[in-house]
Amino acid sequence: MTITPAGSFVWLALHELRLAFRSRATRGAARWIGYLLLAGWLVIGCITGWALRDTPIPVPPEAMIGVLAVSVLGLTFMTAQAMIGSQRTLYERGDLPLLLSAPIPGRSVLLAKLLGIAATIALTYAALLLPIVLPVAILGHSRLLGLVALLIALALVAAALGLALTLAIARLVGPRAARTIGQVVAAVLGGALFLVTQLLPQDEGRSSTFAALFDRLRTARIGTSGISALPGHAALGDPLAILVVLAVGVAAFAAAGATLERAFLSGYLDGSATVSRSRPSGRASARLFHPGLTRTVFAKEWTLLKRDPALAFQIVLRLIYLVPLFLGLVGGRHALPIPAALAFASVLITSQLVGSFAWLTVSAEDAPDLLSVAPVARAQVDRAKLLAAFAMAAPFALLFPIAIGVQTLVGAAITLVMTVLGGGAAGYIELKLGKPGKRGAFNKRRSGSIVAGILSLLVALVFGGGAAGLVFLVSGGIAVP
Amino acid sequence: MTTSALRIRGLAKSFDKPVIAGLDLDIAAGELYALLGPNGAGKTTTLRMVAGLAAPDAGSIEIFGIDTQRDPLGAKAITAWLPDEAMLYDKLTPLEYLAFVAGLWRMGPAHAAAEADRLLQWLDLWEQRDTRCEGFSRGMKQKVALAGALIHDPRLLILDEPLTGLDATMARLVKDALRAQVDAGKTVIVTTHILEVAERMADRIGIIAGGRLLAEGTLQDLRDRAGTAGMTL
């Protein structure tokens, strides 16, 4: 840090890069598991590089299209990440008060923060990409280093886009709603492309939607010619293409710095003025007081969830990633009959939901000490919280059994029982194996409870498979019309 | 015979190193007792064990004759703990928070509602009763937390550095509230590292350092023992 003048942009940027790197570091067993995985990945990369060292790698047009598709998909994920990073910078307690009260130009602060966001994004994907790419590149295919340039360019563009979108949302809906809506938009953006590809009409005779999409792109020469071929050429080491994509990334980054400084500062100032919401209920206060621990706990958990719509949305949005599975179950050549597919989906979805809500109620308790000093047995509180989690998931859990009931009542009853068992098991696993965390870190909750995640999935598959099998038997295998 | 509100014998606790080492303490019912000591002396650790937030490595704790390790729920039922950082839910209003605390202490709804209304008015929180706590100042959060500690009418009230970060008006309000509790026959224990706070609030002061009680008594007793007109820590 002493090689650059203190307070300069470079000095600040190095500081942000250091923070970005340290924010990825984990502790304890998770760190060693991470090192092991990285080492394993590197070994695979070295083996691959050694095997390919004297072998020319062919580059068919499909590879170029593939790079373009992955770049676009990656950009949406990265932009969602950048939006969340921008929201954290603007609306959560951090070092902005310190930086903005120091004699450092606001633009330097903005660019340094953007660089930190871009670095965080790039590091995430670099951990997956570089252990493979670097050995292969070093052992005879140096042109693949273009992938590194493409990654850097995408991260820079995503950071600029993410901040611009966040500030635009803040201007449209105000700072208070911006946090909530920003998180919702980021969540939808992350899954939008993925979901759209699943909803595209499938061509007859094609094994998958992706293959159909590939054909359309190839026919239209998208990805193989013109500007759309830039990502592909850059990834394969074309110096001009590399320069162009990097220039685009740097230009987006510089443009964000030049145009968003004022919006960034006012966004920060607006966001830091937390004003309490007040909505006089007009109700007698006695109605807020409930007899019994279960009702008391449920009322509290339900109120907290109601007042955090972004969090509730994130929980429900996770179900969107199950849609392809569901479509695969009911459509295509090897489809299950609908009741059986619905039964499987019912258990899977409910398990996911109960697990997520259980994490919120049990592991993400905001005031654990209050519960510890209260004259209530821990087991009683945990039971009440699990019931609250189950009740929150209940509306979704009932949908599929009702749908199945239209065709087979016995099937509906079986599905309901298996759904309750699967959901209960998921909640119990979270209770016993979940790690404490903050509600705002919902998307990272599994980082400390990998075993819980794996067990929950296994339980859901077992109960879901059982439900599907039993419903298939009792429904006589009713086929899709 | 004076009833013992808190009786500690041979209390010991270690983390990486011993924090409490053989602490004995007696606090009579109906007094305001200040546990005074420098940072790291073991004040908070001691009272966290009394409140049931941590288990001692050795020793016994009795709250009004109830052994906290044999009957933890019975002890908690008559105790209130108020840490220096309020245990609140940002997205709940003061009224909702009090409803939750009342539920945890199994108060009847009607009685709890009446007490909540009374406390909110007494602590000048009535206008904010339906406002979420997320935008409250530190002082207002402390008031909400204090209301939560008082709503279930505890016999023993434990407060960790209750005046830290409060302005003069809030500090006066908290002191008056605690004195009112003592006047009503409750027992109050506060920790502080500031002698002036202990001077102005407490009936008796215990000085703790290195996990041991070094001296205790009224302020005059301690001054006489020290042989000086004023003491500093």
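These exercises work through a predicted model with chains A and B.

**Exercise 1. The fold of chain A**

Determine how many helices and strands chain A has, and what share of its residues counts as buried.

Solution. 
- Start with secondary structure. Chain A has 18 helices and 0 strands.
- Turn to burial. Chain A holds 481 residues, and 38% of them count as buried.
- Finish with contact range. Take the contacts in chain A with a separation of 6 or more: 82% of them join residues 24 or more positions apart.

**Exercise 2. Helix α18 of chain A**

Check the span of helix α18(A) against its number of residues. Then find its buried residues and what they pack against.

Solution. 
- Count first. Helix α18 of chain A covers residues 450-474, which is 25 residues.
- Compute the expected span. The rule is 1.5 Å times one less than the number of residues. For α18(A) this gives 36 Å.
- Compare. The end C-alpha atoms of α18(A) are 36 Å apart, so the two values agree.
- List the buried residues. They are A:Ala452, A:Ser456, A:Val459, A:Ala460, A:Phe463, A:Gly464, A:Ala467, A:Ala468 and A:Val471.
- Recall the helix geometry. An α-helix has 3.6 residues a turn, so residues three or four places apart point the same way.
- Name the partners. The buried residues of α18(A) pack against α14 (338-363), α16 (378-405) and α17 (409-433) of chain A.

**Exercise 3. The contact between the chains**

Work out how many residues each chain brings to the contact, and describe the side of chain B that touches chain A.

Solution. 
- Count both sides. Chain B contributes 33 residues and chain A contributes 31.
- Find the helices. On the side of chain B that touches chain A, α2 (72-77), α3 (94-104) and α4 (109-122) of chain B each supply at least two residues.
- Pick the top contributor. α3(B) gives the most to this side, with 7 residues.
- Sort by residue class. This side of chain B divides into 22 nonpolar, 4 polar and 7 charged residues.

**Exercise 4. Positive phi in chain B**

Locate B:Phe64 and B:Arg106, give the phi of B:Phe64 and of B:Arg106, and classify the exposure of B:Phe64 and B:Arg106.

Solution. 
- Begin with B:Phe64. Its phi is near 50°, a positive value in a residue other than glycine.
- Apply the cut-offs. Buried needs 20 or more other C-beta atoms within 10 Å, and exposed needs 12 or fewer. B:Phe64 has 17, so this residue is partly exposed.
- Classify. B:Arg106 has 16 C-beta neighbours inside 10 Å, so it counts as partly exposed.

Notes. Residues numbered from 1 in each chain as written. Chains lettered and ligands numbered in written order. Predicted model: local features only at pLDDT ≥ 70, side-chain atom pairs only at ≥ 80, totals over all residues. Contact = placed C-beta atoms within 7 Å. Helix = DSSP H or I, 4+ residues; strand = E, 2+ residues; numbered from the N terminus. Nonpolar A, V, L, I, M, F, W, Y, C, P; charged D, E, K, R; others polar.
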